[in-house]
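Hi,

Here is the structure I promised to pass on.

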Amino acid sequence: MDIAAVANATILGFLEGLTEFIPVSSTGHILLAGHFLGFHSKAGTFEVLIQLGAVLAVLSVYFAKIWQLVVTLPSSPRSRHFVTGVLLAFLPAAIVGAFAHDFIKTVLFESPTTICVALLVGGIILLLIDRRTVTPIHTEITDYPLSLCLKIGLFQCLAMIPGTSRSGATIAGALLMGTDKRSAAEFSFFLAMPTMAGAFALDLYKNRNVLSADDLSLIVIGFAVSFVVALFVVKYLLDFVSRHGFAPFAWWRIAVGSLGLVALGIWG
């Protein structure tokens with residue numbers, strides 16, 4: 001394992017932690033950066049497995065709330081309602097991901113142009129949604145109707161296309177169906193836990209026989225860096241969204257997608 005590989009793993013881990021929970025597509029950023037850095041992991045496992053570091057960051061920040069849900073689950077209808085809602089939202093992506101896993105990894109992960117276009121188009125859509133002036137109907141994630149949770153889960157399936165953004169798809173879907181910006185972002189945090197843990201388990205199982213010791217070492221580095229960076233993002237994102245909305249992220253997407261297309265045209 002050389003210094004260049006360690007540096008690349010650190011850079012990509014930083015990008016993962018920075019972008020996983022904001023609607024700009026962490027996978028899209030990592031795949032684009034890896035393309036221009038010349039970093040290629042076996043079967044795209046690095047890009048998927050380091051996401052668990054970001055999941056653990058959410059668990060750390062929301063541990064008290066999660067523990068309260070676990071403790072009150074047998075006695076609290078509200079807790080059971082919320083947990084059921086998260087699981088319903090997770091279900092569509094679990095089904096699509098299981099059946100389309102190989103296509104996603106071998107076709108969609110290998111198309112930087114597709115990623116750039118998805119970033120650009122998604123940014124424009126997010127900007128339009130953010131500028132809507134409507135009165136929210138749903139403002140508390142524990143009270144989201146189960147039907148709303150399922151619909152948000154269907155939107156999450158759009159994120160199977162790298163560059164779309166898992167958080168972006170879920171947040172956009174939630175906003176279109178009457179949630180406020182803060183609760184949409186918070187629900188996306190909770191939905192990320194089963195979704196990303198499931199993706200981690202599936203990818204690790206499918207590629208368990210092709211990973212070397214060096215591969216695992218790089219994954220650990222990326223995992224650790226993404227955990228530390230994501231801690232800061234999760235702690236401060238909701239307040240940022242409450243003050244500024246999602247327009248800054250929309251412009252970020254548009255800029256990265258446009259620059260990526262220009263760079264691909266120059267360097268390929």
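First, some ground rules. This is a predicted model, so local features need pLDDT of at least 70 and side-chain atom pairs count only at pLDDT 80 or more, while totals for chains, interfaces and linings use all residues. Residues are numbered from 1 along each chain as its sequence is written, and side-chain values use heavy atoms, with hydrogens and water left out.

**Helices around α10**

A word on naming: helices (H or I, at least four residues) and strands (E, at least two) are DSSP runs, numbered from the N terminus. Start with helix α4 (residues 51-61) and helix α10 (residues 181-206), whose axes come within 9 Å and cross at roughly 145°. Axes here are lines fitted to C-alpha atoms, for helices over the stretch in contact, and angles run from 0 to 180 degrees between N-to-C directions. The crossing of α4 and α10 is left-handed (the near helix is turned anticlockwise from the far one by less than a right angle; clockwise would be right-handed). On the α4 side you'll find Gln51, Leu52, Ala54, Val55, Val58 and Leu59, meeting Phe189, Ala192, Met193, Met196, Ala197 and Phe200 of α10; contact means heavy atoms within 4.5 Å. That contact has 11 nonpolar residues, 1 polar and no charged. For these classes, Ala, Val, Leu, Ile, Met, Phe, Trp, Tyr, Cys and Pro count as nonpolar, Asp, Glu, Lys and Arg as charged, and the others, Gly among them, as polar.

Helix α6 (residues 77-106) also packs on α10, at an angle of about 35° and with the axes 9 Å apart. This crossing of α6 and α10 is right-handed. Among the residues making the contact are Phe82, Val86, Phe90 and His101 of α6 and Phe187, Phe190, Leu191 and Lys206 of α10. By class, the contact of α6 with α10 has 10 nonpolar, 4 polar and 4 charged residues.

**What is covered**

Buried means under 20% relative accessible area, exposed over 50%, and partly exposed in between (1.4 Å probe, protein chains only). In α4, the buried residues are Gln51, Leu52, Gly53, Ala54, Val55, Ala57 and Val58. They pack against α1, α2, α3 (45-49), α10 and α11. α9 is mostly covered, with 10 of its 11 residues buried, and what covers those buried residues includes α7, α8 and α10.

Asp215 sits in helix α11 (residues 213-244). Asp215 counts as buried because its relative accessibility is 17%. Beyond its neighbours within four places in sequence, Asp215 is in contact with Lys42 and Val210.

**The core**

Which residues touch the most other members of the largest nonpolar core? They are Phe21, Phe187 and Phe190, in a core of 60 residues. α10 gives the most to this core, with 10 residues. Another core, of 11 residues, lies apart from it and includes Leu31, Val48, Ile115 and Leu119. A nonpolar core is a set of buried Ala, Val, Leu, Ile, Met, Phe, Trp, Tyr and Cys residues joined through side-chain atoms within 4.5 Å.

**Rings**

Rings of Phe, Tyr and Trp (its six-membered ring) pair if their centres lie within 6.5 Å; planes under 30 degrees apart count as stacked, over 60 as edge-to-face and the rest as tilted. By this rule the count comes to 9 aromatic pairs. Phe39 and Phe46 form an edge-to-face pair, 5.0 Å centre to centre with 65° between the planes. Tyr144 and Phe187 form a tilted one, at 5.2 Å and 35°. Tyr144 lies in the loop between α7 (112-130) and α8 (146-156) and Phe187 in helix α10, so this pair ties together parts that are 43 residues apart in sequence. Both Tyr144 and Phe187 are buried. Phe21, Tyr62, Phe82, Phe189 and Phe190 form one aromatic cluster.

Ser25 is not a glycine, yet has a positive phi of about 75°. Ser25 is found in the loop between α1 (3-19) and α2 (26-37). Ser165, in the loop between α8 and α9 (166-176), also has a positive phi, near 90°.

Cheers
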